[in-house]
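Try each task before you read its solution.

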Amino acid sequence: MTLRSLYARLSLGLFVLLVAVGLVYATISLFALRSYQASLNQELNRNLAMNLVADQNLVDNGELNFDELDNLFSLYMSINPSIEIYLIDTEGSILSYSADPDKIKRNSVSMAPIRRLLSNADAYPLLGDDPRSHDRQKVFSVTPVPSASNVEGYLYVVLRGEEYDAAEVMARESQFFITSAWAVAASLGIGLLAGLAVFHLLTRRLTRLADRVDHFQNQLAADTPRLSNPAGDEIDTLTSTFERMSTRITLQLEQLQEKDASRRQLVAQVSHDLRTPLASLQGYVESLLIKRDSLSDEEQTRFLTIALNESRRLGRLVDELFELAALEAQEKQPVPEPFSLPELIHDVVQKHLPAASNRHLALSVEGDMTLPQAYADLGMTERVLDNLISNAMDHTPENGRIELTLAQADDAVTVTVHDTGPGIAPEDLPFIFDAFHRGASERSSAHAGLGLAIARRIMMLQQGSISAANHCVHGAEFEVRLPLAATVTTHSHNNNGS
């Protein structure tokens with residue numbers, strides 16, 4: 001588990017939240033406890049100042065007895081140091097007190113809280129100025145002296161004096177506060193463990209889903225656009241993968257639409273190319289049947305020859321369709337083997353020489369005749385060369401020439417078929433290997449053929465390649481690239497050894 005996982009982030013967030021809650025709880029509890037203690041202290045001792053005046057006979061014949069006041073100061077400094085007694089005048093100036101003189105910081109206290117408490121005895125906790133500090137306030141009890149009807153000053157009793165503060169500090173460090181702190185820590189710890197358990201139950205299914213999605217993501221096709229991996233948790237991973245999958249689905253939908261459009265176009269082109277020779281064949285046969293008695297032997301022979309050529313043409317097209325369909329469905333798989341490419345080229349050229357001579361075309365082979373062995377399917381490679389030579393002969397005018405050039409390039413051997421025909425229109429080059437594609441010079445012809453589409457599919461199955469370009473002088477040239485047998489054998493040995 002890393003901090004990038006959702007469970008770790010939730011756990012860390014819960015820990016921080018519980019610590020914050022604990023601190024807030026401790027602060028509020030301490031403040032509430034102190035407020036409660038102050039309220040309780042002031043409530044219990046709100047008449048303390050009045051009782052001190054009555055019990056200690058501080059007022060004699062309507063006047064304040066200062067001797068008894070001094071005795072009171074001395075007495076309470078001994079028996080109850082938790083309170084401090086001050087005598088103040090009506091303006092709040094301190095006249096006398098029971099506290100340590102070295103610790104008195106004020107000469108007067110504010111009269112506002114004193115007047116408020118005297119006017120409303122239930123207004124507690126009410127804090128008054130602490131003479132031992134310039135800014136601290138304490139709960140207090142107060143009464144006018146010598147009487148409420150004859151106010152000469154006030155007996156101001158601070159209920160939480162210096163001794164009380166010291167005792168409170170000690171109490172905070174006592175076992176009670178330590179036990180309370182441990183109780184709070186234990187509660188927060190139990191809450192943390194419970195939260196972690198709940199988070200684990202909530203996130204384990206999400207974690208499993210993220211792992212499955214990540215595994216699926218690694219199996220995506222190599223052509224799928226890749227998005228940057230987010231440095232986040234499982235939700236970020238799922239979001240990224242969803243975007244990647246949606247991109248892939250969109251791409252596949254576009255490809256399906258393109259394939260559907262291509263299929264429709266292919267069906268239309270196949271229908272046209274099949275209908276043309278079929279209609280011609282049917283027309284000549286019907287004419288021969290209808291006019292058989294009126295046609296001479298030469299005319300009947302001509303009609304039969306044309307019908308035979310059209311049937312052969314139709315047969316070739318059907319064969320090509322079946323061959324391309326088998327290649328596309330990968331029903332025909334190559335059986336590669338080492339062979340001599342110059343020998344294969346020589347055999348193929350010899351096969352096409354009669355047809356080239358009949359068309360007054362020169363067919364020649366050039367280049368390196370000592371090439372190392374190629375590694376491919378011999379029959380399929382011969383089929384590709386047949387298609388390229390036939391295509392070149394169809395596009396080369398009389399007295400033209402077709403050259404096959406052999407060469408070695410890096411870890412492959414190449415065959416270049418160059419003709420002296422009109423070349424390929426630049427706008428047709430990207431589509432030259434598409435099935436039934438008609439170039440600018442072919443659109444008026446009856447048949448576009450599937451030879452180049454078959455050649456490209458065969459080369460793809462053989463881990464080779466085929467490309468087309470216009471020659472720098474004139475004509476078109478097609479290059480076939482096949483892997484070397486030695487290179488394939490070396491790679492195979494390395495893979496087996498590893």
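Patches are built from residues with over 30% relative accessible area and no salt bridge, joining like charges within 9 Å and nonpolar side chains (Val, Leu, Ile, Met, Phe, Trp, Tyr) within 5 Å. A salt bridge here is a side-chain nitrogen of Lys or Arg within 4 Å of a carboxyl oxygen of Asp or Glu. Areas come from the Shrake-Rupley method with a 1.4 Å probe, and for residues only the protein chains shown count as cover.

Keep in mind that this is a predicted model: local features need pLDDT of at least 70, side-chain atom pairs count only at pLDDT 80 or more, and totals for chains, interfaces and linings use all residues. Numbering starts from 1 along each chain as its sequence is written, and side-chain values use heavy atoms, leaving out hydrogens and water.

**Exercise 1. Find the nonpolar surface patch that includes Leu-12.**

Step 1: pick out Leu-12, Phe-15, Val-16, Val-19 and Leu-23, which together have about 460 Å² of accessible area.

**Exercise 2. Work out how the rings of Tyr-86 and Tyr-97 are arranged.**

Step 2: for Tyr-86 and Tyr-97, the centres are 6.1 Å apart and the planes sit at 40 degrees, so call the pair tilted.
Step 3: trace the chain: Tyr-86 is in strand β3 (residues 84-89) and Tyr-97 in strand β4 (residues 94-97), 11 residues apart.
Step 4: check the cover: Tyr-86 is buried at 0% relative accessible area, while Tyr-97 is partly exposed at 27%.
Step 5: widen the view: Tyr-86, Tyr-97, Phe-140 and Tyr-156 make up one aromatic cluster.

**Exercise 3. Which residues touch the most other members of the largest nonpolar core?**

Step 1: a core is a set of buried Ala, Val, Leu, Ile, Met, Phe, Trp, Tyr and Cys residues joined through side-chain atoms within 4.5 Å.
Step 2: among the 44 residues of the largest one, the answer is Leu-341, Leu-404 and Leu-482.

Key. Rings of Phe, Tyr and Trp (its six-membered ring) pair if their centres lie within 6.5 Å; planes under 30 degrees apart count as stacked, over 60 as edge-to-face and the rest as tilted. Helices (H or I, at least four residues) and strands (E, at least two) are DSSP runs, numbered from the N terminus. Buried means under 20% relative accessible area, exposed over 50%, partly exposed in between (1.4 Å probe, protein chains only).
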